[in-house]
Amino acid sequence: MKNKLFNHTLMYSIVASMMLPSIVQAQEESLKEEVLVTGIRGALENALDIKRDAKGFVDAISSEDIGKFPDQNIAESLQRVTGVTIDRLGGEGSSITVRGFGPEFNSVRVNNRQLATISGGRDFDFQVLASELIHGAEVAKTPSASLVEGSIGAAINMKTLRPLDNPGLKVVGSAKLRYQDLAEETAPVLSGLVSNTFADDTMGIVFAASYSDIEQRIDRTWNGVWGAWEFDVNNDGVHEGEYIRRPNRAGFGFAVEDRERLGLSSTFQWSPNDTVEVTVDALLIDFNRSERQVHNMHPMQVAFGRRFGDGNNVSSLTVNERGTLVAVNKADQPNDMGLELSGGDITTEALGTNIVWNISDTLTAEFDLSYSKATAEDLGVSMFPGMRNDCSEYVITTEPTVEGSLADCTPARSNADNGSNAVQWRLGHQNATIQTSFDMTDASLLRSHFNNSARDDTEDEIFEVKVDFDQALEFGPLTTIQFGAAFLDRRFDDIRFDNQNVTGWNPFGEGSTWSETLRGMDPDGGRSNGRRLDLPDGLFEVISVPDLLEGAQGPFPKQWVITRDYDDLCDAMAELSGNNLGCTLTFIPRESSFVEETNLAAYIQFDLEGEIGSVAYSGDIGFRYIQSETSSNGFTSPLIGITPRDPTGGTTGLDPQFGEEIELIVDNDYSDVLPSANFKFELTDEVLLRVAASKTLTRPDTADLGTAVTYGGSFEGFTRTGDNPFLEPYEALNFDLGLEYYAENNNAFGITLFYKDIDSFISTVVTPFDSGFSHPALGPILGDDRRLRNRPGGTVEGFEISGLIFFDFLDGVWSNFGLQANYTYVSGEDKSAADVVYPDPENVTLPDSNLEGFTPHSYNLIAFYEDERFQARLAYNLRDDYMNVRVGNGQLPEHFDAYEAIDFSSSYQINDTFTLVFEALNLGNENVREYADHPERMTDNEWTGRRYTFGVRADF
């Protein structure tokens, strides 16, 4: 592995760090000057205080100053926390994984309140929330009974600034410019914060705002699903029954993404006396994301048939020892020139009121009422005109059927070395390359092929009420009894629109076969297929991207023709076909769902303090009872028939037919008791021992609780997919043991062991079913039902090592340096791994017994420097490769390759008011790479380039 040397170096650094306390302690007496805690050191020490004072296992990040978070994105700050890794979308941190548990296992809250999200899941998209609005965040890896349930991984609480915590007038603002090297675009990033207190500091209000409008480019190659195909080994016309793995599509291209984000936050506080404090929070986020993807794609499955080599249209076929196709030449094949538009506007609003009432010297009550709503319109448009030579070198098989359409033809020459369009596909170490003999800048070769538009309207609405009581006691080791209740009502709606079910005139007549029609221009479907309509050349333009995929291996074309405008393409196809409905969006009831969830919880927690011999301890023991009810409302359409696209079996595609929609309501409920215990033992003034045990749960994603069911695929791969309203939560028993050392100068070191026994897990389970229909040439149509189901889980175990060193025991400039390092190892075993059965097991690398989503190795190494004016931070982060899905596309597992990031940030304080800032992210130009069952079977490869930010911060 390319990082092997660095891995060893890091491990030796951490071990050496663990030995440094003795050196530090010997130097402490020589420290005569008082250290002013500000900036990086102040933020780290604040976070360390939270960790040290907690009874359970808690990590934290803190703003270096008011309105001054160290990263552009809170997720990118959280990845510095031990055990935390992040997922990226477009190169920016979007969600987090804690100790191997993915985003859906982690509860993310703002001011301890659930924030609505349009994802349909439990995960939180950190891209919608600007870091300037957040003052700090805590990561609780072990729960207490008083902590809101819902996280097997961790509970993350992000906090906004409270004005009464910072009396007086505070005005902070920043203006930055961000540059991404692939897009070569510069974009503004602006933020401001005003906080003030009045009425003798009994009232306070803070306003914060942030705005950014960022454009970036993402380069991409992909191979799609790796299918199993029989082929003629000796090219003698006899198929020996051997199978190889080859991709169904191969392509390359780029996307230009624009992210415009406006965030507004306000907090009002009133504390008229020592008895009552009232806090009102408001948050509004408008996040608009639009993406324009430009593709050049070759359909690898076309003209290969079920048996590789039929028709002698393939030559130079090379297969390695694992049965993976690594090289092939193909003749007479089309190319698809794609343009995809996606994205939409996401609006998130939240309003909350919190009242703390000190009823007496020993009894405190806290009431919290909050409302949150998120809405989005997410549009997805796919335009794939097909490039194909005219029929001058072909044999005419079908005359034009309507005016304006072209003849159907087959190649007169069918040899891969001299066909009318020769395609060369080669698989390299990182990615595949494609070369074609087409003139890809010639718009006259383009015909209609595939056209699809869809839109999802989503809305998530949350109403939450909590009441908590804290009663102080003096009864032996019992110091406090906490008890309370919580109620949450959540409704998630996902309304699907598509052009699949349009009705209209079939321009090719009622007796035309599937290959002769334009789906999307006929009653049978919503996408156009075939390459028969000659589209006007004026609909297209030539693009040129000289630096495309410079980070990839192998040559790629830098110029090709693309669609100018989606609406113009739709108008042209409607005019040529006579159908005006081909691009019309219609409501799809059977793919829409409406889910309402009600959660009720009550808890009691006992806080303890005491001594065992000379060892002081503190802790909590408690129980949390939860009861949940879900109601899933939607529509179902019975399968009433399956029409083969070719009754002779020449092609094996199938078109399902459905009956009328029937409204369906499904109710489900479950309850549970969640015990928890956390204890901290002060072995010495510097050494702490922590132990924790708990039962936790994570509820299934709301979007997965719907009633939608869909059918599709070919005879070899007919599938039924759908939601499951009967899903119950993931459940786990958790055990943690940790040893921590804290020096007087706040150097700190720790090691934690953790073990989780997952009793209930949720994943895609594939079960066979008989459709009840038959293909006239191929026989009964059997399929696979693929949907999420509860099943036995497994075990997860691992350890974390962390170290923080301030080199203030050294002389001169070296005393301004510091080092922060952590390493996490996670190992998982899936109890049901043996239940996974692959329909084509030949040449499949079976997944091991690890659970989905668990990264074995992850670590951070952060070096920092800080003096009176200048500070800098260099961070290295690595997340090892991991299996994301056990049964994915093509029923193969899906993996993410290892990802490493090198980030740099710095600032220079000009005077008491102005500070210059500079950041450089992804300095190594790392790419995000996905693969199927074996690393060579790449499915997707994405380069997001480097990001640079320069600006000024003002503090008045």
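I'll go through confidence, then the cores, then one surface patch.

First, this is a predicted model. The protein chain averages a pLDDT of 82. At least 70 is reached by 83% of the residues. Two stretches need care. Over residues 303-312, pLDDT stays under 50. The model still gives that stretch 33 contacts beyond four places in sequence. Residues 391-419 also stay under 50. There the model has 74 contacts beyond four places in sequence.

Now the inside. Which residues touch the most other members of the largest nonpolar core? They are Met387, Trp425 and Trp560, in a core of 45 residues. Helix H5, residues 566-577, gives the most to this core, with 5 residues. A second, separate core has 34 residues, including Ala75, Leu115, Phe126 and Ala376.

Take a look at Trp560. Leaving aside neighbours within four places in sequence, its contacts include Phe252, Gly253, Val294, His295 and Asn296. Met337, Met440 and Thr441 are also among them.

Now the surface. Phe870, Tyr908, Ile910, Phe914, Leu916, Phe950, Val952 and Phe956 make a nonpolar patch of about 720 Å². Which elements give two or more residues to the patch? Strand S47, 914-921, and strand S50, 947-955.

Tyr908 sits in strand S46, residues 899-909.

Conventions
Residues are numbered from 1 along each chain as its sequence is written. This is a predicted model: local features need pLDDT of at least 70, side-chain atom pairs count only at pLDDT 80 or more; totals for chains, interfaces and linings use all residues. Side-chain values use heavy atoms; hydrogens and water are left out. Patches are made of residues with over 30% relative accessible area and no salt bridge: like charges are joined within 9 Å, nonpolar side chains (Val, Leu, Ile, Met, Phe, Trp, Tyr) within 5 Å. Accessible areas come from the Shrake-Rupley method with a 1.4 Å probe; for residues, only the protein chains shown count as cover. A salt bridge is a side-chain nitrogen of Lys or Arg within 4 Å of a carboxyl oxygen of Asp or Glu. Helices (H or I, at least four residues) and strands (E, at least two) are DSSP runs, numbered from the N terminus. pLDDT is the predictor's confidence in each residue, from 0 to 100. Contact means heavy atoms within 4.5 Å. A nonpolar core is a set of buried Ala, Val, Leu, Ile, Met, Phe, Trp, Tyr and Cys residues joined through side-chain atoms within 4.5 Å. Buried means under 20% relative accessible area, exposed over 50%, partly exposed in between (1.4 Å probe, protein chains only).
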